[in-house]
Amino acid sequence: MRIRIACPESNAYEGEAAFVALPSTDGEMGVLPGHASEICTVEAGIVRVCDQAMGAVDHRFAVAGGYAEITADEVVVLAQRACDLDAIDADAIRAELQGFEDQLSNLSQDDARRAYLYNEMAWRKLLLAA
């Protein structure tokens, strides 16, 4: 089956898969070819793609919420953000996280930028946790 992971900035991945695991808001969802058609919400987490067989993960992508459309021969994940975990630089992510934490410590409790910083920090933590 085909899988496509897209976000507003780019098409993060497109390829063939034997199995896909999605972090849906109802729990992790496994998708094999021939799956019943459905649309589900995706929460922040890791999408695992197995090219040849279930259980042999070939690609991992962090996603920051969105939707997935599943048909018998295709999975399309429309995510707010998506990142190939094999392409991240953990040291750079840690440095960015520290920078956001430093900025946060300098803001007052009612500063509207706190929400942005919390969101950015959560994304970096997801990238590092995977």
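## An exposed glutamate and its partner

Glutamate 28 is exposed, since its relative accessible area is 54%. Here buried means under 20% relative accessible area, exposed over 50%, and partly exposed in between, with a 1.4 Å probe and protein chains only. The model is predicted, so local features need pLDDT of at least 70 and side-chain atom pairs count only at pLDDT 80 or more, while totals for chains, interfaces and linings use all residues. Residues are numbered from 1 along each chain as its sequence is written, and side-chain values use heavy atoms, with hydrogens and water left out.

Glutamate 28 forms a salt bridge with arginine 48, and the closest N and O atoms are 2.5 Å apart. Arginine 48 lies in strand 6 and glutamate 28 in strand 4, so this pair ties together parts that are 20 residues apart in sequence. A salt bridge is a side-chain nitrogen of Lys or Arg within 4 Å of a carboxyl oxygen of Asp or Glu. Helices (H or I, at least four residues) and strands (E, at least two) are DSSP runs, numbered from the N terminus. Arginine 48 is partly exposed, at 26% relative accessible area.

Strand 3 covers residues 19-24, and six of its six residues are buried, so the strand is largely enclosed by the rest of the structure. In a regular strand the side chains alternate between the two faces of the sheet. Phe19, Ala21 and Pro23 point one way from strand 3, while Val20, Leu22 and Ser24 point the other way.

Strand 3 runs antiparallel to strand 4 (residues 27-31), to which five bridges join it. A hairpin through two residues connects strand 3 to strand 4. Strand 3 is also antiparallel to strand 6 (residues 45-50), with three bridges between them; valine 20 stands opposite valine 49 there. Two strands pair if DSSP finds at least two bridges between them.

## Serine 24

Serine 24 lies in strand 3 and is buried, with a relative accessible area of 4%. The bridge partner of serine 24 in strand 4 is glycine 27. A polar atom of the serine 24 side chain lies 2.5 Å from the backbone oxygen of glycine 27.

Leaving aside neighbours within four places in sequence, serine 24 is in contact (heavy atoms within 4.5 Å) with Met29, Cys40, Thr41, Val42 and Glu43.

## Other salt bridges

Side chains of opposite charge can pair when their charged atoms come close. The count of salt bridges comes to eight. One of them joins the side chains of glutamate 14 and arginine 2, at 3.2 Å from N to O. Glutamate 14 lies in strand 2 (residues 10-16) and arginine 2 in strand 1 (residues 2-7), so the pair ties together parts twelve residues apart in sequence. Glutamate 14 is partly exposed at 45% relative accessibility, and arginine 2 is partly exposed at 30%.

Arginine 124 forms a salt bridge with glutamate 120, with the closest N and O atoms 2.6 Å apart. Arginine 124 and glutamate 120 are four residues apart in helix 2 (residues 113-129), so about one helical turn separates them. Arginine 124 is buried at 11% relative accessible area, and glutamate 120 is buried at 5%.

## A network of charges

Arg81, Glu96, Glu120 and Arg124 are linked in a network of salt bridges. Glutamate 96 is found in helix 1 (residues 90-105) and counts as partly exposed, at 36% relative accessibility. Glutamate 96 and glutamate 120 are 24 residues apart in sequence and 9.1 Å apart in space, C-alpha to C-alpha.

Conventions: Polar contact = N/O pair within 3.5 Å; in protein donor to acceptor, adjacent residues only side chain to side chain.
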